[in-house]
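Biologist: I am new to reading protein models. Could we go through one together, step by step?

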Amino acid sequence: MGRPFALDYGAVLAVAEARGADKALIADVLPIVERAVIANLAGEGEGDGE
């Protein structure tokens with residue numbers, strides 16, 4: 001409870017557009033990147049015993 005569980009894809013794509021990034025590429029890799037970001041924010045893989 002209280003842990004991040006997803007990224008706001010709309011916000012990510014808005015930032016990508018503002019920065020001139022290839023939105024199709026961002027949309028393709030976003031699910032993979034999301035898993036890594038959420039795992040890191042949730043503390044997974046840090047040996048915290050959870």
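This is a predicted model: local features need pLDDT of at least 70, side-chain atom pairs count only at pLDDT 80 or more; totals for chains, interfaces and linings use all residues.

Biologist: Is Val12 buried, partly exposed or exposed?

Modeller: For this we look at the relative accessible area, where buried means under 20% and exposed means over 50%. Val12 has 27%, so the residue counts as partly exposed.

Biologist: And what about Ala16: buried or exposed?

Modeller: Ala16, which is also found in helix α1, has a relative accessible area of 8%. That value is under the 20% cut-off, so Ala16 is buried.

Biologist: Which residues is Ala16 in contact with, leaving aside its neighbours within four places in sequence?

Modeller: Those are Ala21 and Ile26.

Biologist: Now I would like to step back. How many helices and strands are in the chain?

Modeller: The chain has 2 helices and 0 strands.

Biologist: How do I describe the way two helices pack?

Modeller: In general, two packed helices are described by the angle between their axes and the distance between the axes. Here, helix α1 covers residues 9–18 and helix α2 covers residues 23–41. Their axes come within 11 Å and cross at roughly 140°. That angle makes α1 oblique to α2. The crossing of the two is right-handed.

Biologist: Which residues make the contact between α1 and α2?

Modeller: From α1 there are Tyr9, Val12, Leu13, Ala16 and Glu17. From α2 come Lys23, Ile26, Ala27, Leu30, Pro31 and Glu34. Notice that Val12 and Ala16, our two examples, are both in the list.

Biologist: Last, the whole chain. What share of the residues is buried?

Modeller: Of the 50 residues in the chain, 12% are buried. The chain exposes about 4000 Å², and carbon and sulfur atoms supply 59% of that area.

Technical notes. Residues are numbered from 1 along each chain as its sequence is written. Side-chain values use heavy atoms; hydrogens and water are left out. Axes are lines fitted to C-alpha atoms, for helices over the stretch in contact, and angles run from 0 to 180 degrees between N-to-C directions. Helices (H or I, at least four residues) and strands (E, at least two) are DSSP runs, numbered from the N terminus. Angles under 35 degrees count as roughly parallel, over 145 as roughly antiparallel, 65 to 115 as roughly perpendicular and the rest as oblique. A crossing is left-handed if the near helix is turned anticlockwise from the far one by less than a right angle, and right-handed if clockwise. Contact means heavy atoms within 4.5 Å. Buried means under 20% relative accessible area, exposed over 50%, partly exposed in between (1.4 Å probe, protein chains only). Accessible areas come from the Shrake-Rupley method with a 1.4 Å probe; for residues, only the protein chains shown count as cover.
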